[in-house]
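Subject: Structure handover

Hello,

I am passing on the structure we spoke about.

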Amino acid sequence: MAQRLGLPLLPVGSDPVASEQVDAVLVVSADSLFLQQTGRAAPGPVAVEFGSTAMRHRRRSGHNELLGRAVGVGKKPQLRVLDATAGLGRDSFVLADLGCDVILCERDPVIVELLRCGMNAATARGDQWLVAVLARMRLQPGDARQLTAGDRQGVDVIYLDPMFPQRDKSAAVKKEMALFQLLLDSGAAAQDADELLLWALQQDVGRVVVKRPPRAPNLAQQQPSHCISGKAVRYDVYVRRKLATR
Ligand SMILES: C[S@@+](CC[C@H](N)C(=O)[O-])C[C@H]1O[C@@H](n2cnc3c(N)ncnc32)[C@H](O)[C@@H]1O
């Protein structure tokens, strides 16, 4: 993996807390992979954990309904969604749990490894629910804009969540933001996000859905067809045609 990612390989047993040569380490074990910032004040590790208690709670508490409504779950059986900004895969997992076939596209190679490992680990747990959900998820490494027509075939909805919210106070999000800021150039990501929406709007799909912080301006100054707003999140929905008519 170190070779594939072009990263230096530290000796087995290296202590991430004590390491001063690097900002973060990827810790690999037989059945897990996590990213850990180095140094004494570093927040805890970040991993992709489908089926975690937090995910199960989110499912039971109905938090997933808004996302389902935004992409149009129920308007067509087996809706196919391209999650063009897969990140740690939580939104993809929610969509697959709601019955969608999901292509998870992620361009950062380290995040791709975290996703791949999280997906394999969840399938290996043998939990029937997890296995069924994971069977509807397909990982597609690379920039979404470079996908071929074949990769995008049959996609009904393009889903975008290009940026982490700037002012989210929750500890979990802060921890992830710190790591993502290390990995990804957030200035470039903001610029890219506009371009990504403009690209998505040119594709032959039923709708494009963008996740935004509640009071954030529209991406690329594009007016959505409608918005679905919750307390902590807003979904901007750009309807191109009826989902059922493909
Ligand atoms: C805010 S995170 C997405 C979080 C995700 N919705 C989740 O639930 O975990 C944004 C991710 O999109 C990725 N990304 C941004 N632009 C992309 C593009 N054009 N193609 C593929 N991935 C992209 C970034 O590398 C980052 O991992």
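This is a predicted model: local features need pLDDT of at least 70, side-chain atom pairs count only at pLDDT 80 or more; totals for chains, interfaces and linings use all residues.

Ligand site

The ligand is surrounded by 24 residues, and the closest of these are Leu-88, Asp-91, Glu-106, Ala-144 and Asp-161. Sorted by class, this shell holds twelve nonpolar, eight charged and four polar residues.

Ala-84 places a backbone N or O atom 3.3 Å from a nitrogen atom of the ligand. On the oxygen side, a polar backbone atom of Gly-89 is 3.2 Å from a ligand oxygen atom. Arg-90 takes part through its side chain, where an N or O atom is 3.1 Å from an oxygen atom of the ligand. The ligand exposes 610 Å² when taken alone, and the protein buries 97% of that area.

Nonpolar cores

The largest nonpolar core is made of 44 residues. Those with the most contacts inside this core are Phe-50, Val-71, Phe-93, Leu-104, Met-137, Val-209 and Tyr-235. Helix α5 (residues 109-124) is the element that gives the most to this core, with seven residues.

Which residues does Phe-50 touch, once neighbours within four places in sequence are left aside? Among them are Phe-93 and Met-137, both also listed with the most contacts inside the core. The contacts of Phe-50 also include Leu-88 and Gly-89; Leu-88 is one of the closest residues to the ligand, and Gly-89 supplies the backbone atom 3.2 Å from a ligand oxygen atom. Further contacts of Phe-50 include Leu-115, Gly-118, Met-119 and Ala-122.

Backbone angles

Two residues other than glycine have a positive phi. For Gln-78 the angle is near 50 degrees, and this residue sits in the loop between α3 (65-71) and β3 (80-83). Ala-220 has a phi of about 50 degrees and belongs to the loop between β7 (207-212) and β8 (226-229).

Are these two residues buried or exposed? Gln-78 has 53% relative accessibility and therefore counts as exposed, as the cut-off for exposed is over 50%. Ala-220, at 16% relative accessibility, counts as buried because the limit for that class is under 20%.

Regards

Methods. Residues are numbered from 1 along each chain as its sequence is written. Side-chain values use heavy atoms; hydrogens and water are left out. A residue is near a molecule or strand if one of its heavy atoms lies within 4 Å of it. A polar contact is a pair of N or O atoms within 3.5 Å; within protein, one must be able to donate a hydrogen and the other to accept it, and residues adjacent in sequence count only if both atoms are side-chain atoms. Accessible areas come from the Shrake-Rupley method with a 1.4 Å probe; for residues, only the protein chains shown count as cover. Ala, Val, Leu, Ile, Met, Phe, Trp, Tyr, Cys and Pro count as nonpolar, Asp, Glu, Lys and Arg as charged, and the others, Gly among them, as polar. A nonpolar core is a set of buried Ala, Val, Leu, Ile, Met, Phe, Trp, Tyr and Cys residues joined through side-chain atoms within 4.5 Å. Buried means under 20% relative accessible area, exposed over 50%, partly exposed in between (1.4 Å probe, protein chains only). Helices (H or I, at least four residues) and strands (E, at least two) are DSSP runs, numbered from the N terminus. Contact means heavy atoms within 4.5 Å.
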